[in-house]
Amino acid sequence: MTDQSTKKFSYTLKATDGRARTGVIHTPRGDIRTPAFMPVGTAATVKAMMPESVAATGADILLGNTYHLMLRPTAERIDRLGGLHKFMNWDKPILTDSGGFQVMSLASLRKLTEKGVTFKSHIDGSKHELTPERSMEIQKLLGSDIVMCFDECPALPADRKRIAESMRLSMRWAQRSRDAFGDRPGYALFGIMQGGLERDFREESAEALKEIGFEGYAIGGLAVGEGQEAMFDCLDYAPGFLPEDKPRYLMGVGKPDDIVGAVKRGVDMMDCVLPSRSGRTGQVWTRMGVLNIKNARHQDDPRPIDENCTCPACTNYSRAYLHHVFRSNEMISGMLLTWHNLHYFQEIMQGMRDAISEGRFDAWEADFHANRAQGDI
Ligand SMILES: CNc1nc2cc3c(=O)[nH]c(N)nc3c(CCc3ccccc3)c2[nH]1
Ligand SMILES: [Zn+2]
């Protein structure tokens, strides 16, 4: 167990190539190589993966969810049992979301006021309240290393008036989150930029967050159905509004080409449920593009998913086998496909970290897109 109090949280920028950056986030529980992809462990598990397998894919950090864990098994119980790291047997860094986003997408009977949000649990219908103060308390009880401000992520499409009001509420909540977070050496609080697809509101939000001061800054309010083009248009300016010497976390992104486009535009950290969730539905992401293993064309195919992949699925199993266990709804199907997808996502990140360090990001990006076949793979 590392002594949390002595070591600090810091970000070191190592190299840039255009607007792309590579560096390291130092935390008392370990370093995070950026750009970083962070697997999502919603209910204290990255579904279908043992923690040591998640580490084996190259992940330096994983995500937890305030919303899910406060409902079940509750933050107080996890605290009594030694905190989330011990509870889920993951001793590297953990980032937890603040809960507001999940309330709006999962809970029912939600009531939003200046104070916070009240809602009914999607699990058992019990009533709960989340405020900036309660979210900070929950994330402290969980023991997460990177805490997210409590914010409101407006559903798109929304008119400018709604976007502005929502963003300004989130900025007031950001101040309350900062005040409630307190002085916790070694732990980090990240602000979350809002503002929809409006450049002026994005700049206003960034200025408000910089005024408060955070250890890192997230770009929220995206990957909510706006589409890649609109997201990239926003990322053409939004990261630049944030401090250069602090990590930038784009929340909820995304497909491999979304991730590459975001890193190209200056993003350092990303998360997405895609590799694990799609793995359970048979969707397999590879350097040649995406395939679905349930397709009958795989049932006699002795080849691995990807000859060049070193993950256990590609090293030891044929497409025919993976097709069979998927069709038979065997547990090993979700395990192997999730492992492969997470391994591939981390391979993309390592490729970009190396390319940026060596000043050849554009060539790497061109190669990445060239490999993605149009037809069957
Ligand atoms: C899929 N798209 C997506 N867009 C998001 C926007 C926001 C946003 O504006 N505010 C907050 N707080 N979270 C967001 C999330 C959830 C990310 C997450 C999930 C699980 C664990 C830890 C973190 C988003 N996810
Ligand atoms: Zn593989």
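Me: How many residues surround ligand 1, and which are the closest?

Reply: Keep in mind that this model is predicted. To read a ligand site, begin with the residues around the ligand. Here 21 residues surround ligand 1. The closest are Asp97, Asp151, Gly221, Leu222 and Ala223.

Me: Which atoms of ligand 1 do the backbone N or O atoms of Gly221, Leu222 and Ala223 lie by?

Reply: Look for pairs of N or O atoms within 3.5 Å, the cut-off for a polar contact. For Gly221, a backbone N or O atom lies 2.7 Å from an oxygen atom of ligand 1. For Leu222, a backbone N or O atom is 2.8 Å from a nitrogen atom of ligand 1. Ala223 also has a backbone N or O atom 2.8 Å from a nitrogen atom of the ligand. As for cover, ligand 1 on its own has 540 Å² of accessible area, and the protein covers 89% of that.

Me: Which elements supply at least two residues of the shell around ligand 1, and which gives the most?

Reply: Sort the shell by helix and strand. β5 (62-65) and α5 (100-106) each supply at least two residues. β5 gives the most, with three residues.

Me: How does the shell around ligand 1 divide by class?

Reply: The shell has ten nonpolar, eight polar and three charged residues.

Me: Which pocket is the space taken by ligand 1, and what volume does the largest pocket have?

Reply: A pocket is read from the protein atoms alone, with the ligand left out. In this model, the space taken by ligand 1 is the largest pocket. The volume of the largest pocket is about 1,100 Å³.

Me: How many residues line the largest pocket, and which lie nearest its centre?

Reply: The lining is made up of 44 residues, and those nearest the centre are Phe101, Gln102, Asp271, Val273 and Arg277. Two or more lining residues come from each of β5, α5, α9 (228-235) and α11 (274-280). By class, the lining of the largest pocket has 18 nonpolar, 16 polar and ten charged residues.

Me: How many cavities of 30 Å³ or more are there?

Reply: A cavity differs from a pocket in that the probe fits but cannot get out. The count comes to one cavity of 30 Å³ or more. The space in the largest cavity is about 40 Å³.

Me: Which residues line the largest cavity?

Reply: The lining consists of Ile32, Arg33, Ala36, Phe37, Gly58, Ala59, Asp60, Gln346 and Arg353. At least two of the lining residues come from each of β3 (30-34), β4 (36-38) and α14 (331-357). Four of the residues in this lining are nonpolar, two are polar and three are charged.

Me: Now the backbone. Which residues does a cis peptide bond join?

Reply: For a peptide bond, read the omega angle. Arg72 and Pro73 are joined by a cis peptide bond with omega about 10°. Pro73 is in the loop between α2 (66-71) and α3 (75-80). A cis peptide bond also joins Val253 and Gly254, with omega about 0°. Gly254 is in the loop between β13 (248-250) and α10 (256-264).

Me: What is phi of Asn89, and where is Asn89 placed?

Reply: Phi of Asn89 is near 60°, which is a positive value in a residue other than glycine. Asn89 is in the loop between α4 (84-88) and β6 (94-97).

Methods
Residues are numbered from 1 along each chain as its sequence is written. Chains are lettered from A and ligands numbered from 1 in the order in which they are written. This is a predicted model: local features need pLDDT of at least 70, side-chain atom pairs count only at pLDDT 80 or more; totals for chains, interfaces and linings use all residues. Side-chain values use heavy atoms; hydrogens and water are left out. A residue is near a molecule or strand if one of its heavy atoms lies within 4 Å of it. A polar contact is a pair of N or O atoms within 3.5 Å; within protein, one must be able to donate a hydrogen and the other to accept it, and residues adjacent in sequence count only if both atoms are side-chain atoms. Accessible areas come from the Shrake-Rupley method with a 1.4 Å probe; for residues, only the protein chains shown count as cover. On a 1 Å grid over the protein atoms alone, a cavity is a set of points where a 1.4 Å probe fits but cannot get out, and a pocket is an open set with protein on both sides within 12 Å along at least five of seven lines; lining residues have an atom within 4 Å of a point. A molecule sits in a cavity or pocket if more than half of its atoms lie within 2 Å of its grid points. Helices (H or I, at least four residues) and strands (E, at least two) are DSSP runs, numbered from the N terminus. Ala, Val, Leu, Ile, Met, Phe, Trp, Tyr, Cys and Pro count as nonpolar, Asp, Glu, Lys and Arg as charged, and the others, Gly among them, as polar. Grid points are joined across faces, edges and corners, and a volume is the space filled by probe spheres set on the points.
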